[in-house]
Amino acid sequence: MFTITNVSKAYGPKKLFEEVNVAFSPGRRYGLTGPNGAGKSTFMKILAGDEEADMGTISRPKKLGILRQDHFRYEDNRVLDVVLMGNKALWDAMKEKDTILAKSDISEEDGNRLGDLEMVIAEEDGYSAESEAASLLEGLGIPESGHEGPMKQLTGGLKLRVLLAQALFGKPQGLLLDEPTNNLDIDSIRWLETFLMAFEGVLITISHDRHFLNSICTHIADIDYETIIQYNGGYDDMVRQKAQVRSRVESEVSEKKKKILQLQDFVARFHAGTRASQVQSRIKQIDKLKTDDLKRSNIARPFIRFDVKQASGRQTLQFDGLTKSYDGQSVIKPFSGLVCKGEKICVIGRNGVGKSTLVKMLAGQIEADAGKITWGHQAAMGYLPQDHHGTIRKGTTAFEWLRDINTKLTNEEISGVLGRMLFSGEERMKPTDTLSGGETVRLLLCKLMLNMDNMLIFDEPTNHLDLESISALAEGLQKYEGTAIVVTHDQELISEVATRIWSLEEGKPVNDFNGNFAEFLEKNPYHAAQRR
């Protein structure tokens with residue numbers, strides 16, 4: 001169990017949470033939620049012992065599994081060994097045993113120590129440890145061929161999967177997982193969901209994947225009003241309950257403000273009279289209720305609306321025989337299709353099967369090896385890449401960057417869309433050099449909203465966005481009158497938006513399915529089984 005007592009944390013004048021008292025119990029799986037900047041990662045670091053609270057105490061399970069994002073830490077270590085390090089007691093015992101056995105002369109004391117170490121290794125299931133570690137890696141999409149080599153042989157995304165396997169390894173009593181679905185494809189996310197559903201300890205996770213939170217969470221711990229409020233159920237359950245809590249809290253705040261006004265009126269009328277003791281009593285009550293202490297909700301949701309300046313023709317895009325290979329390996333086999341006005345196509349599949357390659361060809365970012373792409377009458381395309389590096393010019397501000405893109409826009413138009421995307425007031429003039437990942441995506445979405453294109457191609461648009469922004473994006477795409485092609489692993493987004501699915505599997509032609517995600521799963525038993 002985690003027990004948090006009177007914990008507070010602030011950075012300068014900004015309070016993240018104050019005098020938090022909450023417990024996280026074994027057998028329960030908690031989603032830690034709140035908008036970007038609310039303090040989720042900070043609270044997780046405090047739970048892990050990686051950061052100190054300003055005040056208060058934390059009681060933790062003895063055996064913790066923690067997902068850490070430092071994927072360059074183990075560059076020269078064998079991949080399997082990195083996973084085994086997740087059980088510190090076992091790993092330390094195994095290393096000490098190897099050190100003793102490497103001696104040319106083993107003393108009696110060494111022999112006794114070896115006996116103690118063998119007991120530790122047996123208690124920690126050390127003799128099946130490599131098999132367990134291998135199963136975790138395979139479940140997370142790292143094949144056996146990659147287990148024996150060093151970490152540096154893996155891409156950044158695969159390294160993070162190894163670190164996730166490290167956190168899950170060794171039957172921890174508590175699990176702290178910060179964005180565990182990052183860099184996972186749909187099949188690996190489903191495997192992780194199944195694993196966590198069987199986990200018997202206490203789990204606390206941060207995730208921007210609504211389907212993941214709805215699937216695994218028994219409770220949601222939401223950071224708001226400078227505290228942590230627990231709700232029963234998954235993310236959608238929390239949203240419904242939170243509306244009631246917010247209404248009650250804001251009603252209480254309103255009543256406190258009314259009370260303060262009444263007390264201030266009494267003090268103003270009688271401060272110079274004979275009722276001095278009553279006036280002093282009212283002043284003390286005002287101090288207890290002062291408005292500076294009335295906590296406000298940190299909830300902030302952008303408003304995303306993609307208007308269309310000019311409609312495209314009925315046939316927005318046609319392509320014939322598109323192919324792409326890298327180093328002699330075929331990534332996209334001959335693919336032909338017709339995309340019609342108003343369709344919402346979601347592109348799905350494991351990492352590395354060519355999803356980004358396909359949409360980059362359609363967006364004109366890379367050339368196909370063969371095939372032809374024909375855009376329809378009056379088609380105008382907007383593109384959001386997965387890699388945002390270099391997409392926003394440095395050395396300017398959010399406002400000026402948008403102005404430079406389209407000089408015909410008025411200040412009011414630019415300020416309006418920035419405000420809708422949570423760049424209000426001084427935030428409009430935020431230097432582009434200091435934008436966070438989430439702010440970068442929101443600013444790129446501002447650009448697309450101002451351009452009003454009738455065709456949108458998005459490659460992993462939910463990366464870096466918080467849950468409120470992802471929900472707003474889904475609503476914006478649902479109401480969009482143009483045509484959209486979206487690469488995503490977010491199953492809620494696919495369920496809410498897709499009218500057509502392009503499914504990619506290694507070594508196979510693209511599966512072009514006309515229908516929504518539920519219909520796709522019904523017609524494709526393998527994917528449906530993986531989802532369960």
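Residues are numbered from 1 along each chain as its sequence is written, and side-chain values use heavy atoms, with hydrogens and water left out.

**Confidence and domains**

The mean pLDDT of the protein is 89, and 95% of its residues reach 70 or more, pLDDT being the predictor's confidence in each residue on a scale from 0 to 100. Over residues 528-532, however, the pLDDT is below 50, although this stretch has 11 contacts in the model beyond near neighbours in sequence; a contact means heavy atoms within 4.5 Å. Where pLDDT is low, the predicted coordinates should not be read in detail.

The protein is divided into domain 1 (2-237), domain 2 (249-290) and domain 3 (315-527), with bounds that come from an automatic or database domain assignment. Between the C-alpha centres of domain 1 and domain 2 there is a distance of 50 Å.

**Strand E10 and its partners**

Strand E10 (residues 315-326) runs antiparallel to strand E11 (residues 329-340), and 8 bridges join them; two strands pair if DSSP finds at least two bridges between them. E10 and E11 form a hairpin with 2 residues between them, and Asp327 in the turn has a positive phi of about 50°. E10 also pairs with strand E13 (residues 370-375), again in the antiparallel sense, over 5 bridges. Leu317 has Val339 as its bridge partner in E11, and Leu317 also stands opposite Trp375 in E13.

**Cavities and a pocket**

Rolling a probe the size of a water molecule over the atoms shows where empty space is left. On a 1 Å grid over the protein atoms alone, a cavity is a set of points where a 1.4 Å probe fits but cannot get out, a pocket is an open set with protein on both sides within 12 Å along at least five of seven lines, and lining residues have an atom within 4 Å of a point. Grid points are joined across faces, edges and corners, and a volume is the space filled by probe spheres set on the points. By this rule there are 2 cavities of 30 Å³ or more.

| Space | Volume | Lining by class |
|---|---|---|
| Largest cavity | about 50 Å³ | 5 nonpolar, 2 polar, 2 charged |
| Second largest cavity | about 30 Å³ | 2 nonpolar, 1 polar, 3 charged |
| Second largest pocket | about 460 Å³ | 9 nonpolar, 5 polar, 5 charged |

In these classes Ala, Val, Leu, Ile, Met, Phe, Trp, Tyr, Cys and Pro count as nonpolar, Asp, Glu, Lys and Arg as charged, and the others, Gly among them, as polar. The residues that line the largest cavity include Leu67, Arg161 and Glu179, whereas Arg68, Asp70, Arg73, Tyr74, Leu163 and Gln166 line the second largest cavity.

The second largest pocket has a volume of about 460 Å³, and of the 19 residues that line this pocket, the closest to its centre are Leu64, Met85, Gly86, Asn87 and Lys88. Strand E5 (64-66), helix H3 (88-101) and helix H6 (156-168) each supply at least two residues of its lining, and the largest share, 3 residues, comes from E5.

Key
This is a predicted model: local features need pLDDT of at least 70, side-chain atom pairs count only at pLDDT 80 or more; totals for chains, interfaces and linings use all residues. Helices (H or I, at least four residues) and strands (E, at least two) are DSSP runs, numbered from the N terminus.
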